Amino acid sequence: MSMDIDPVVDVSFPLSGTTIPADHGYLLYAAISGRAPVLHENARAGVHPIGGRPSGGRRLALTPASRLTLRLPAALIPEALDLAGTELAIDGGMLPRQPCPRFHAALDRIVPYA
């Protein structure tokens with residue numbers, strides 16, 4: 001039995017900046033969609049929340065461990081890499097991403113029981 005595997009990968013970019021809103025999901029997704037519309041158009045592409053340290057006023061302080069992580073089909077890696085080195089305005093907090101993303105991929109194959 002032949003099965004096509006369409007791998008999904010996480011592409012993680014280190015961040016620099018100061019603070020972002022604690023509830024940044026929509027703002028982040030909108031900013032990424034504006035820079036890379038193909039990621040918005042693909043139903044399998046997603047954005048993980050950015051981690052940080054609570055800093056009061058419903059904001060998160062970015063830390064050295066803060067990452068922008070995109071989960072997407074492997075075919076969209078080139079579009080994700082185009083985001084490297086750009087800046088996203090998230091409620092006044094600029095997030096310039098360094099141009100050396102890290103990749104993590106887990107390929108799981110489920111074979112139907114016959």
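Author: Two strands pair if DSSP finds at least two bridges between them, and the strands, of at least two residues (E), like the helices, of at least four (H or I), are DSSP runs numbered from the N terminus. This is a predicted model, in which local features need pLDDT of at least 70 and side-chain atom pairs count only at pLDDT 80 or more, while totals for chains, interfaces and linings use all residues. Residues are numbered from 1 along each chain as its sequence is written, and side-chain values use heavy atoms, with hydrogens and water left out.

Reader: Which strand does β1 pair with, and in what sense?

Author: Strand β1, residues 8–14, pairs with β6, residues 67–73, in the antiparallel sense, and seven bridges connect the two. Within that pairing, Val-11 stands opposite Leu-70 of β6.

Reader: And how many residues of β1 are buried?

Author: Six of the seven residues of β1 are buried, so to speak mostly covered, where buried means under 20% relative accessible area, exposed over 50% and partly exposed in between, with a 1.4 Å probe and protein chains only. Taking the whole protein of 114 residues, 32% count as buried.

Reader: Back to β6: is Thr-69 buried or exposed?

Author: Thr-69, which lies in strand β6, is buried, because its relative accessible area is 14%.

Reader: What does the Thr-69 side chain have a polar contact with?

Author: The side chain of Thr-69 makes a polar contact of 3.4 Å with that of Ser-12; the term covers a pair of N or O atoms within 3.5 Å, where within protein one must be able to donate a hydrogen and the other to accept it, and residues adjacent in sequence count only if both atoms are side-chain atoms.

Reader: Which other residues is Thr-69 in contact with, leaving aside neighbours within four places in sequence?

Author: Counting contact as heavy atoms within 4.5 Å, and with those neighbours left aside, Thr-69 is in contact with Asp-10, Val-11 and Ser-12, and also with Gly-46, Val-47 and His-48.

Reader: What share of contacts joins residues at least 24 apart?

Author: Among contacts in the protein between residues at least 6 apart in sequence, 72% join residues at least 24 apart.
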